[in-house]
Amino acid sequence: MPDSTPAEIAIAGAEITGGDSLEDGRGGRDGGELRFRRAPRTSPETWFRCPRPLPDAQVRLVCFAHAGGSAAAFRSWSMGPDVEVVGVQYPGRADRFGDPFPESLEQLGRDVGEAIAMLDERPTALFGHSLGALVAYEAARHLEEIGQEPVHLFASACRSPQVADSRPSIAELDDATLAAEVMKTGGTDALVLEDLELRDLVLPYIRADFAMFESYAPLAEPLAVTPVLALSAVADPYATGAEMAGWSGATRAGFRMERFAGDHFYLVPRQEEVLTTLRAALGVPEDRG
């Protein structure tokens with residue numbers, strides 16, 4: 001993509017630096033040009049980015065980002081030598097900019113679940129934030145169906161899949177209003193959405209993500225054997241404590257909830273607290289750095 005505009009490089013190129021490929025740990029640039037992956041739809045190389053591969057880790061943690069997010073949301077996550085952190089790269093953004101948007105959260109979760117099933121057979125946990133929590137839930141459902149159930153599902157800052165979305169739709173708003181609403185949540189850099197060229201690049205996949213989230217149909221059937229830990233922020237207006245407690249109905253296995261100071265994107269300033277909580281739930285030693 002040698003003729004890319006600065007905006008395209010800012011959105012796509014910033015997220016494919018060396019070491020992101022789960023398959024080989026080598027870089028996302030080839031000969032100085034951005035290299036876009038065109039692997040099969042369900043292959044691990046298509047879906048996963050792993051800045052720090054740990055083939056001897058005890059557990060793999062697969063992380064699903066919020067609406068408009070990408071695998072880069074988890075690039076700074078390091079949980080020591082016992083947990084390999086893998087980010088899910090949704091279609092339509094970053095190094096998958098040219099890929100079609102997902103049709104539904106259910107299909108997106110199923111596709112990621114199929115890709116997880118192709119990885120080596122290490123215990124695998126799923127973490128999802130906001131929209132990502134529902135995608136992770138759908139991936140967990142698929143993995144249970146094929147007998148490769150996750151050891152844990154961590155659901156962060158999102159309503160339970162058993163509860164319909166009762167908030168006004170924002171997916172159909174005009175660009176300026178949608179951008180303003182997204183910036184209210186605090187998860188998207190205001191500078192990106194204030195720049196009209198960058199906004200034109202990112203708003204289509206942000207809009208597509210919210211359309212999936214808002215059309216997601218509540219499901220009555222809970223997970224059979226995957227325990228759920230809900231992570232909730234005390235000042236989150238988009239996922240209240242009561243809504244987060246509803247995840248207890250999403251599993252027949254164990255459920256508990258942890259609460260953190262902060263708002264919808266509490267996990268950014270509280271990252272170390274979150275990672276410590278996840279390590280404890282997975283039963284791995286604390287990372288001593």
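Visitor: Where does Arg-122 sit in this model?

Guide: In this predicted model, Arg-122 lies in the loop between α3 and β6, the strand of residues 124-129.

Visitor: Why is Arg-122 called buried?

Guide: Its relative accessible area is 14%, and since the term buried applies to values under 20%, Arg-122 counts as buried.

Visitor: Which residues does Arg-122 touch, leaving aside those up to four places away in sequence?

Guide: Arg-122 touches Leu-54, Pro-55, Ala-57, Gln-58, Arg-60 and Glu-84.

Visitor: What share of the contacts in the protein joins residues at least 24 apart?

Guide: Among contacts between residues at least 6 apart in sequence, the share is 77%. The protein has nine helices and nine strands, and buried residues make up 52% of its 289 residues.

Visitor: How do you know that the span of helix α3 agrees with what it should be?

Guide: Helix α3 covers residues 105-117, which is 13 residues, and at 1.5 Å a residue it should span 18 Å; because its end C-alpha atoms are 18 Å apart, the two values agree.

Visitor: Which residues of α3 are buried?

Guide: The buried residues in α3 are Leu-105, Leu-108, Gly-109, Asp-111, Val-112, Gly-113, Ala-115 and Ile-116.

Visitor: Which residues of α3 and α4 meet?

Guide: Those of α3 include Leu-105, Leu-108, Arg-110 and Ile-116, and those of α4 include Leu-131, Leu-134, Glu-138 and Leu-143. By class, the residues of this contact of α3 with α4 divide into nine nonpolar, three polar and five charged.

Visitor: Why is α5 described as roughly perpendicular to α7?

Guide: Helix α5, residues 175-185, packs against helix α7, residues 196-215, at an angle of about 75°, with the axes 11 Å apart. Because angles of 65 to 115 degrees count as roughly perpendicular, α5 is roughly perpendicular to α7. In α5, Asp-175, Ala-176, Leu-178, Ala-179 and Val-182 meet Arg-199, Leu-203, Ile-206, Arg-207 and Phe-210 of α7, a contact with seven nonpolar, no polar and three charged residues.

Terms used
Residues are numbered from 1 along each chain as its sequence is written. This is a predicted model: local features need pLDDT of at least 70, side-chain atom pairs count only at pLDDT 80 or more; totals for chains, interfaces and linings use all residues. Side-chain values use heavy atoms; hydrogens and water are left out. Helices (H or I, at least four residues) and strands (E, at least two) are DSSP runs, numbered from the N terminus. The expected span of a helix is 1.5 Å times one less than its number of residues. Buried means under 20% relative accessible area, exposed over 50%, partly exposed in between (1.4 Å probe, protein chains only). Contact means heavy atoms within 4.5 Å. Ala, Val, Leu, Ile, Met, Phe, Trp, Tyr, Cys and Pro count as nonpolar, Asp, Glu, Lys and Arg as charged, and the others, Gly among them, as polar. Axes are lines fitted to C-alpha atoms, for helices over the stretch in contact, and angles run from 0 to 180 degrees between N-to-C directions. Angles under 35 degrees count as roughly parallel, over 145 as roughly antiparallel, 65 to 115 as roughly perpendicular and the rest as oblique.
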